Amino acid sequence: MDRSIPWAALSGGRSSTSSRSADRLAATCVWIAAAAVSAVFFWLLSDLVRHGAGQLSWSFLVDAPSNAGRAGGIGPIVLSTAWILAIALGVSLPVGLGTAVLLAEVTSPEAIFGRLVRRSLDVLAGVPSIVFGLFGNAFFCVTLGLGFSILAGGLTLACMVLPILIRSTEEGLRAVPAEYRLGGAALGLGRFTILTRLLLPAATPGLVAGVVLGFGRAIAETAALIFTSGYVDRRPESVFDSGRALSIHIYDLAINIPGGERNAYATALVLVMILLLTNSVASWLGQRLRGQHLHS
Amino acid sequence: MPAHRPFTIWSESYRLSRRVDWLLLWSLRLSAIVSGALVLFITIFVVAEAWPALRNIGVWRFLNDASWYPSGGADGGTFNLVPMFVGTLLTTAGAILLAAPLGVLAAIFRQAYAPPGVGRVYRWLIELLAGIPSVVYGFWGLVVLVPMIARFEPPGASLLAGILILTLMILPTTALASDAALESVPRRYVEGAAALGLGRWAALHCVALPAAGSGIATGVLLATGRALGETMAVLMVCGNVVAVPASLFDPVRTLTANIALEMAYALEDHRSALFVSGLLLLLMVSALVLAAEAVDRRQTVG
């Protein structure tokens, strides 16, 4: 179905010459703005590749940093990052899934409880990351006594990615045709069976897209981790050790370590490559999800 | 819209699975309560940590103390947050002034000017831009933008650098929101404009943009929230001097950067004062999110 707007039909406004020249002026402005945006983007990316690609190698990814990060690799930092992300997603996934199922399948759109939860999740999605950092430090590090640790950082990020997970999973569930539920009910299946055997498998694209988006948000995060998971760049022994995430490594090399620029570039390139990959996966899944919407 | 939630249909049947379903329902409710209450819990925690400073120091001194020297001396230090607040407002305002028009132009480009293939690539590009971490923007600003500005007007790390980097960061938000708003303008509006013989710009300016107005406004409000709360990028390029800047080329420190810089060693009243600035950020951003939703809702109702 073509629901695109027929802009091309408007290209030659056949009225007065003054509106023609206004048209031309507007087109020029629009093209210049668009070109400027993409030029800056390519400038940034090409800078990262030009200065970072030279350092990239297998040993850079697995070796420990030496000389405060100026030399060596990012091995322990990759490991800490993986731990933090695993905790963040492992904790937020069950809670987010439960909330999404409740919002999409149980409460009616008009119910006060559902509206309240949704509103507060929207506010949560807008909370600045530094405020998450303050909260994580006060609650997980001090009140719960976890100190600067991978666990505290992971839990802080879990709070952060929760709204993203819920929104995407809810969308996925809403895209499942109503016939699935009616068919399941007609067969006399219980809620649990319908949910696990019919709805969740059918809503997988939304769920996976949410996980991928949450992963992207979490791996890009810096400010919320400075005071929760900390700076230590050694290989973590357990989740109660402090561990440095990739993003914090970039920050530290750029600000605190003179001569750390080269490895900061390489780490930034690694991080951006991971994000480009996850974003492409997410937008591909999003397209599949919208496709389902249309066919339902 | 498909009829979801036929749980009401299933609920009365089949006792065998009833107990499982009851457990399921309550675990769903429990997780929804946890997610829904989280933002309240965070607010309460930040307020509790900020309370000692609000009581011992008081709002008056946050506004009127001679300087920001929070860990200083026997008299307990001074706590003027105004320069940081002004820094946050100036960087945000500057970034919005640039990112809002640029974002709208980028959306107009994709919707009305770009050939279909180019439009698709362009959207993909903006989405990638949205995914780049703030610390990478900050790093790039530090090694590329700041030295460039320093060549014209030292020291380089300045309000201007902060505004430019923030603009890049929030541009995808305004562009994607405007894009979605323009896309949802009914096809017949534009067809009507074409039938009236309007040119492309006239149709955009007089028909499509007004129809997309509230969607664009929602995007701008959300982008403002992002700019207010952004930490790493401004921390790395703004110079972080505590003073109200006299020009675009003077360094500034924002509320967020102040927290990130001082949290590591802050104790007692100083630590608590940082939570006060966190609370201030939290309140401003929540107000913006709720305002954005109000604009959005009025659109769907009206």
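This is a predicted model: local features need pLDDT of at least 70, side-chain atom pairs count only at pLDDT 80 or more; totals for chains, interfaces and linings use all residues.
User: What percentage of the residues of chain A count as buried?
Analyst: A residue is buried if 20 or more other C-beta atoms lie within 10 Å of its own. Chain A has 296 residues, and its C-alpha atoms fill a box of roughly 70 × 65 × 35 Å along the principal axes. Of these residues, the share that counts as buried is 51%.

User: What distance separates the centres of domain 1 and domain 2 of chain A?
Analyst: The domain assignment places domain 1 of chain A at residues 16–55 and domain 2 at residues 59–295. In the contact between them, 6 residues of domain 1 meet 8 residues of domain 2. The side of domain 1 that touches domain 2 has 3 nonpolar, 3 polar and no charged residues. Taken over C-alpha atoms, the centres of the two domains are separated by 32 Å.

User: Which helix of chain B gives the most residues to the side that touches chain A?
Analyst: The contact between the chains takes 93 residues from chain A and 85 residues from chain B. On the side of chain B, these residues divide into 59 nonpolar, 17 polar and 9 charged. With 18 residues, the element that gives the most to this side is helix α2 (residues 18–56) of chain B.

User: Are α3(A) and α2(B) roughly parallel or roughly perpendicular to each other?
Analyst: Helix α3 (residues 75–106) of chain A packs against α2(B) with the axes 7 Å apart and at an angle of about 110°. Among the residues making this contact are A:Gly96 and A:Leu103 of α3(A), and B:Leu28 and B:Ser35 of α2(B). By class, the contact has 9 nonpolar, 6 polar and 1 charged residues. Because angles of 65 to 115 degrees count as roughly perpendicular, α3(A) and α2(B) are roughly perpendicular.

User: How far does helix α4 of chain A reach from its first C-alpha to its last?
Analyst: Helix α4 of chain A covers residues 112–126, and its buried residues include A:Val117, A:Arg118 and A:Leu121. For its 15 residues, 21 Å is expected at 1.5 Å a residue. The reach of α4(A) is close to that expected value, at 21 Å.

Definitions and conventions:
Residues are numbered from 1 along each chain as its sequence is written. Chains are lettered from A and ligands numbered from 1 in the order in which they are written. Domain bounds come from an automatic or database domain assignment. Two residues are in contact if their C-beta atoms, placed from the backbone, lie within 7 Å. Ala, Val, Leu, Ile, Met, Phe, Trp, Tyr, Cys and Pro count as nonpolar, Asp, Glu, Lys and Arg as charged, and the others, Gly among them, as polar. Helices (H or I, at least four residues) and strands (E, at least two) are DSSP runs, numbered from the N terminus. The expected span of a helix is 1.5 Å times one less than its number of residues. A residue is buried if 20 or more other C-beta atoms lie within 10 Å of its own, exposed if 12 or fewer, and partly exposed in between; C-beta atoms are placed from the backbone. Axes are lines fitted to C-alpha atoms, for helices over the stretch in contact, and angles run from 0 to 180 degrees between N-to-C directions. Angles under 35 degrees count as roughly parallel, over 145 as roughly antiparallel, 65 to 115 as roughly perpendicular and the rest as oblique.
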